[in-house]
Structures are given as structure tokens and as C-alpha cells.
Amino acid sequence: MQDLKRCFKKIHNHLDASFNRALRRYGLTSTQFDFLIYLMENSVDRPTLTDLASHFGVRHTSAIHVLKILQDKGFIEKETSSDGRSKIILLTNQGMRIVTDVIEKSPLINSIIFRGFSESELHLLEKMLDRISGNLESDAFENMWKV
């Protein structure tokens, strides 16, 4: 089982390092870019800080830090919600251009990462990874570390 955990860690490290190198030209980290992608994909829902923190499984303070950096760089802007209780996070035109530019390379990235996999293997892999992700979000996993 440790070999699987090590394999996941190795995959994560490769992807993170590669994306960080590629995103450096835009002045972004992979975490910051993940926030931009989320904002683009969920723009119709008008996401808030709480939505972002919940989606990425991070504390509000961590999400605030990332959003502050993105706002300072001109990639996002905040707008007060209609009820005045929260701030809606929106991509700026500059932020949208960067996301679009990087996403255009996505088919090439996927063809490299998943080279040699059949459609049925990719479908099975996605199902298994979704199950692992769900298991990690379970109360059982969260409570395992409590004394």
C-alpha cells in the first residue's frame, strides 16, 4: 500500500513542478492557476470565498491569501453580492486570457500523461480516483487523526 501512496506523491510532484515551471511565465503558481480555472468553470454560479475554500478543501485564510495575490496581479476582481453579505469573485479579461491560453495546450498535456490508455481504461481510472477522493473526504479518514 505504501507503494501506491508513494506513486500518488510522485505523480503529484511531477505535475506540480511541471505546471509551476510553465506557469512562471504568467507569474502564477499551479495553486493560483487552479483557482483561476475554478472561477472560469463556475462563473455562472458567481463563486464566493466560501465556495473556493470548500471546493479546494482549504481554510478561508488560505483562500484569502491566494485571492489577494491574484487580485494584486489583476487576474480577478471582487464584487459585492446582491444581498451585500458576501463578495463574488470574478475573472478579469486578463485572467480569462491566461486561462484560455493555458487550456489550449490541455489536449497535448493529456495526450502525454495518458498515452497508451484506452478509453475504457481512462473511464475506469477516473472512477477509481473519484472513489479514492471520496474516501479521503469521509469522516472516517478525517477522524482517524483525532486523539
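1. Basis. The model is predicted; local features need pLDDT of at least 70 and side-chain atom pairs pLDDT 80 or more, while totals for chains, interfaces and linings use all residues. Residues are numbered from 1 along each chain as its sequence is written, and side-chain values use heavy atoms, with hydrogens and water left out.

2. Overall build. The protein has 8 helices and 2 strands. These are DSSP runs numbered from the N terminus (helices: H or I, at least four residues; strands: E, at least two). Along the sequence the order is α-α-α-α-β-β-α-α-α-α. The C-alpha atoms fill a box of roughly 50 × 45 × 25 Å along the principal axes.

3. Burial and surface. Of the 147 residues, 21% count as buried. Buried means under 20% relative accessible area, exposed over 50%, and partly exposed in between (1.4 Å probe, protein chains only). The protein exposes about 11,000 Å², and carbon and sulfur atoms supply 56% of that area. Areas come from the Shrake-Rupley method with a 1.4 Å probe.

4. Helix H5. In H5 (residues 93–103) the buried residues are Gly 95, Ile 98, Val 99 and Val 102. They lie on the same side of H5 because they cover an arc of only 95° around the axis. That arc is taken from the directions from the helix axis to the C-beta atoms. An α-helix has 3.6 residues a turn, so residues three or four places apart point the same way. Exposed Asn 93 and Arg 97 sit on the face turned away from the buried side. The buried residues of H5 pack against helices H1 (2–23), H2 (30–41) and H6 (106–113), and against strand S2 (87–91). Contact means heavy atoms within 4.5 Å.

5. H2 against H3. H2 and H3 (residues 49–56) pack at about 120°, with axes 11 Å apart. Axes are lines fitted to C-alpha atoms over the stretch in contact; angles run from 0 to 180 degrees between N-to-C directions. H2 contributes Asp 34, Phe 35, Tyr 38 and Leu 39 to the contact, and H3 contributes Asp 51, Leu 52, His 55 and Phe 56.

6. Glu 79. This residue lies in strand S1 (residues 76–80). Glu 79 is partly exposed, at 33% relative accessible area. Beyond its neighbours within four places in sequence, Glu 79 contacts Arg 46, Ser 86, Lys 87, Ile 88 and Leu 90. The C-alpha atoms of Glu 79 and Leu 90 are separated by 7.5 Å, with the two residues 11 apart along the chain.
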